[in-house]
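Hi there,

Here is the structure I promised to pass on to you. Have a look at it first, and my notes follow below.

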Amino acid sequence: MQRRDFLGGVAATAMMMTASPALAEWKPRRPINAVVPYGAGGGTDTIARALTGAVGDALPVPIVIVNKPGASGITGATEVSRANADGGTILITSAGSLVLNSIMKDIDIDPFEDFVPIAQVGDLTTSVMVPANSPFQTMDDLIAAAKENPGGLRWAHTGRGSFHHVAGQGFMNAAGITGVDVPFKGGSNTRAAVIGGQVDFGMIGIQQATGFKDELRALALVNSERDAFATDVPTFAELGIDAPVISSPIVVFAPAGTPDDVIEALQAAVQTAAASDAFTEQMENRGNKPIFLSGSEVSAKLMKMRDDAQAIVDSLS
């Protein structure tokens, strides 16, 4: 689908939703706090700021970003789960990480019971990357080397339990290979480790290659379709690698119990912002494609990801 057609469809749907009588019943009177459970400057935070900056006339009040990092996103998410369910506090987070944390750790919140998804606005997609001078030109080269030297390859990711780690382990399981996983803190550190040859390959976001094309080579994308910008990188599906798609949808949530008219009004506002030129431009500058999925679509997507990830998590323990 062409970007113009995509945005046109989103804008048209947003106009229809805005015209719904239910939406007129709720109008926020005070600024809305959007909790981002990570530090400023990261992938989730930059998408959240692009979104809230594009809301503009879609809401009569601004949305204010509140960074609440800690415990891999759980600290801020827990705070939102306990907030008043009146539309005054929302969560913008890596839904993939939230779901994975819920099945890998003993936490006090449940992504399906304690939150209502409003919409998905972006996606952080992982990929298999090697240094530009790597002998591995293709995924076949990488898999063959791993099979010739069982457990001998070292691979990087952004931390055990992260969606990059789980996606990488899913690939290893599907390919029937083993290796030594090496965790790093954050995408930039993982990228540096790959570029510097500290590892043989890394599982990092495809957007991390932006500006580093002379130093990195992406071999495959963990997705069912190619990236809108890195169009030359084949997907696992194209290569016949039967690994589940474990990604990180950037999702806007409200606390459970938030009234339907509030959810509908917020979804309409997010949808309008997601179709705006301002949001599209900021996303493209960071190598991201603007995305919009409704709350019900997000729920189905996350449930499938949870089920796919469970078998991988079980293999880790």
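A salt bridge here is a side-chain nitrogen of Lys or Arg within 4 Å of a carboxyl oxygen of Asp or Glu. Please keep in mind that this is a predicted model.

Let me start with the charged pairs. Side chains of opposite charge can pair when their charged atoms come close. R160 and D181 form such a salt bridge, with 2.9 Å between the closest N and O atoms. R160 sits in the loop between β6 (154-157) and α6 (163-175), while D181 belongs to strand β7 (residues 180-183), so this pair ties together parts that are 21 residues apart in sequence. With a relative accessible area of 53%, R160 is exposed, because the cut-off for that label is over 50%.

How many salt bridges does a search of the whole structure find? The search returns 7. One of them joins K301 to D123, where the closest N and O atoms are 4.0 Å apart. This pair links distant parts of the chain: K301 is in helix α11 (residues 295-316) and D123 is in strand β4 (residues 115-124), 178 residues apart. Are the two partners buried or exposed? K301 is partly exposed, at 28% relative accessible area, whereas D123 has 13% relative accessibility and so counts as buried. There is also a salt bridge between the side chains of D307 and R306, at 3.5 Å from N to O. R306 is partly exposed, with a relative accessible area of 28%.

D123 turns up again around N288, which touches I47, D123, L124, Q207, F229 and M283, leaving aside residues up to four places away in sequence. N288 lies in the loop between α10 (277-285) and β11 (293-294), and its relative accessibility of 4% means that N288 counts as buried. Which side chain makes a polar contact with the side chain of N288? The partner is Q207, at 2.9 Å. D227 is 61 residues from N288 in sequence, and the two are 8.7 Å apart in space, C-alpha to C-alpha.

Two threonines are worth a look as well. T258 is found in the loop between β10 (248-255) and α9 (260-274), and it counts as buried at 7% relative accessibility. A polar atom of the T258 side chain lies 2.6 Å from the backbone oxygen of P255. Not counting residues up to four places away in sequence, T258 touches A85, G87 and I263.

T52, in turn, has its place in helix α2 (residues 43-54). The side chain of T52 reaches the backbone oxygen of R49 at 3.3 Å. Residues up to four places away in sequence aside, T52 touches I63, I65 and I92. T52 has a relative accessibility of 14% and therefore counts as buried, since the cut-off for that label is under 20%.

Last, a strand to look at. Strand β8 (residues 201-205) is mostly covered, with 5 of its 5 residues buried. In which sense does β8 pair with strand β5 (residues 126-131), parallel or antiparallel? The pairing is antiparallel, over 4 bridges, and G202 in β8 is the bridge partner of M129. With β6, strand β8 pairs in the parallel sense over 2 bridges; there, W155 has F201 of β8 as its bridge partner.

Best wishes

Definitions and conventions
Residues numbered from 1 in each chain as written. Predicted model: local features only at pLDDT ≥ 70, side-chain atom pairs only at ≥ 80, totals over all residues. Heavy atoms only, no water. Buried < 20%, exposed > 50% of the residue type's maximum accessible area, 1.4 Å probe, protein only. Polar contact = N/O pair within 3.5 Å; in protein donor to acceptor, adjacent residues only side chain to side chain. Contact = heavy atoms within 4.5 Å. Pairing = 2+ DSSP bridges.
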